Amino acid sequence: MNVFARFFALTVAALICVAPAASRDGGIAEKADVGCAPVRDDLSADDLERVLSVTRPTTDFSRPEPFEAMPAGAATTIARADRMIFSQASDNLPFEDEQDFHLGKALFEKLWVSSPSSTQASDGLGPLYNARACESCHVRDGRGRPPEGAADATSMLLRLARAPRDDAERAEIASHARLNFPDPVYGAQLQDSAVPGLAAEGRLDITYTEELVALAGGDTVPLRKPHYAIADPGYGPLDAATTLSPRVASPMIGIGLIEAIHEADILARADPEDRDGDGISGRPALVRERRTGRVTLGRFGWKAQNPSVRQQVADAFAVDIGISTSDFDRSHGDCTAAQTGCLDLPDGVQPWLGAVEAPDPVLDLVTFYSSNLAVPARRKASFPETLRGKRLFHEAGCAACHAPKFVTRRDATHKAQAFQLIWPYSDFLLHDMGEGLADGQQVGAASGREWRTPPLWGIGLTKTVSGHSFLLHDGRARNLAEAILWHGGEAAKARNAFAAMPKDDRKAMITFLESL
């Protein structure tokens with residue numbers, strides 16, 4: 001079965017299957033009928049017919065599809081594609097919500113300071129931390145990068161974790177009570193900065209080895225393989241079982257729309273047993289939502305470990321910056337029991353402001369800002385070279401994981417995101433990407449070889465916004481061609497198809513990706 005037929009068959013099966021429906025709050029039945037996805041519960045019969053029609057995979061590459069140039073529907077921004085293009089509000093954001101967007105932006109850019117401080121509404125940093133502001137990692141709401149000789153690795157970090165050691169720990173993972181087990185001394189993340197008087201945990205050290213990859217026509221591409229270590233460890237050696245997983249900051253655009261995709265449409269694409277035999281076996285990342293305790297669909301983070309924008313924001317506040325919120329009350333951030341010097345330092349909780357360092361208005365506003373960052377309009381979507389590249393992208397099988405389009409929930413929380421035809425180019429499922437990209441670190445449902453399919457919208461503006469072209473979870477790829485050639489595992493067939501293309505075809509496919 002080809003990718004077009006597979007997608008349509010799975011989507012129709014999901015929509016007509018009699019199974020426990022995904023609830024409006026995102027809960028998912030943990031023991032739903034095997035092979036039977038939840039049904040969309042937000043659509044009338046007329047809406048359902050429209051959704052099926054507009055999301056049907058195209059077979060006509062002679063012209064753009066209707067509305068393809070507006071990848072976020074009415075939320076798409078048509079502002080000039082300059083270095084600030086990722087920081088625009090959704091174009092259909094109601095006027096009465098603009099104040100909250102701008103307040104959220106100010107808090108996103110806010111620099112936190114150590115405690116105690118005269119600026120009591122801004123203290124509580126760390127004591128160990130990676131950044132002083134959200135903006136420090138997500139510069140202009142764009143993509144992070146490896147240090148590449150820079151003084152620090154602010155937009156790149158190392159996650160620290162080990163696998164479960166016994167049946168009890170495996171049961172914690174299986175029940176979604178935990179994602180993994182942090183280092184007993186250094187915690188879940190290497191903190192390369194610290195407040196005055198405290199030693200940082202260490203520095204990220206990267207070295208590369210290169211190998212040439214042969215392409216059709218005699219061309220070669222050098223791929224660089226990274227090797228990671230911790231320099232100047234401040235608290236002794238890591239546990240022997242601790243693995244290092246590098247992560248660069250992801251672009252912020254469109255994440256509210258991703259949250260507004262109905263669970264049924266994502267689950268419809270899952271095929272964990274590869275029943276259709278096409279080699280693609282995407283799996284949903286089921287996680288436990290911290291606020292409600294419900295098991296729901298993970299869709300944010302490199303391993304889809306977070307179910308909502310709010311939880312992603314709360315985790316970043318706590319672990320990256322060391323700021324507590326009502327959703328994640330960690331006033332000493334990622335400090336562990338072994339780091340007594342860190343735990344002895346004062347926190348930034350001000351009783352007159354609330355019980356945490358960043359009271360709910362802060363978390364609410366940063367979440368609102370993050371959820372309403374617009375996706376830029378496509379460039380050159382109708383150009384013949386772009387359309388040719390799009391055809392090649394589909395023929396190579398890339399769309400099997402980088403699913404082009406969805407229609408968001410009719411009952412989305414934010415009305416600006418409701419019932420929009422969007423083009424994120426992701427299925428938001430976990431896929432085995434092969435040994436070359438493996439980090440060896442389990443994160444909840446995701447194994448050490450699995451990664452969530454990252455959305456491709458905005459990828460052609462990476463250099464414009466972020467000033468670089470580093471791609472993949474650790475920035476090892478220096479351009480789109482290298483990123484494709486690192487694909488393995490379930491994506492090996494598509495990767496090999498790209499490598500076997502004539503040079504002009506490879507160029508056309510890159511042109512298509514640059515238009516996104």
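**Loops, cores and packing in a predicted model**

Me: In which loop is the place of Pro127?
Reply: This is a predicted model. The bond from Gly126 to Pro127 is cis, with omega near 10 degrees. Pro127 itself sits in the loop between α3 and β1.

Me: Which peptide bond is cis with omega near -10 degrees?
Reply: Most peptide bonds are trans. Pro116 is found in the loop between α3 and β1. The cis bond with omega near -10 degrees runs from Ser115 to Pro116.

Me: Is Phe67 buried or exposed?
Reply: Phe67 lies in the loop between α2 (45–55) and α3. Its phi is positive, near 70 degrees, though the residue is not glycine. The cut-off for exposed is over 50% relative accessible area. Phe67 has 62% relative accessibility, so Phe67 counts as exposed.

Me: What is the relative accessibility of Lys380?
Reply: Most residues other than glycine have a negative phi. Lys380 has a positive phi of about 60 degrees. Its place is the loop between α10 and α11 (384–395). Lys380 counts as exposed because its relative accessibility is 54%.

Me: Which residues does Val366 touch, not counting residues up to four places away in sequence?
Reply: Val366 is among the residues with the most contacts inside the largest nonpolar core. Beyond four places in sequence, Val366 touches Gly104, Leu107, Phe108, Val313 and Phe317.

Me: What radius of gyration does the protein chain have?
Reply: The chain has 15 helices and twelve strands. Its C-alpha atoms fill a box of roughly 65 × 55 × 50 Å along the principal axes. With 516 residues, a compact globule would be near 24 Å, so the chain agrees with its radius of gyration of 22 Å.

Me: How far apart do the centres of the positive and negative side chains lie?
Reply: The accessible surface comes to about 21000 Å², and 55% of it belongs to carbon and sulfur atoms. The chain has 55 positive and 69 negative side chains. The centres of the two sets are separated by 5 Å.

Methods: Residues are numbered from 1 along each chain as its sequence is written. This is a predicted model: local features need pLDDT of at least 70, side-chain atom pairs count only at pLDDT 80 or more; totals for chains, interfaces and linings use all residues. Side-chain values use heavy atoms; hydrogens and water are left out. Helices (H or I, at least four residues) and strands (E, at least two) are DSSP runs, numbered from the N terminus. The radius of gyration is taken over C-alpha atoms; the globule rule is 2.2 Å times the number of residues to the power 0.38. Accessible areas come from the Shrake-Rupley method with a 1.4 Å probe; for residues, only the protein chains shown count as cover. Lys and Arg count as positive and Asp and Glu as negative; His and the chain ends are not counted. The place of a charge is taken as NZ of Lys, CZ of Arg, CG of Asp or CD of Glu. A nonpolar core is a set of buried Ala, Val, Leu, Ile, Met, Phe, Trp, Tyr and Cys residues joined through side-chain atoms within 4.5 Å. Buried means under 20% relative accessible area, exposed over 50%, partly exposed in between (1.4 Å probe, protein chains only). Contact means heavy atoms within 4.5 Å.
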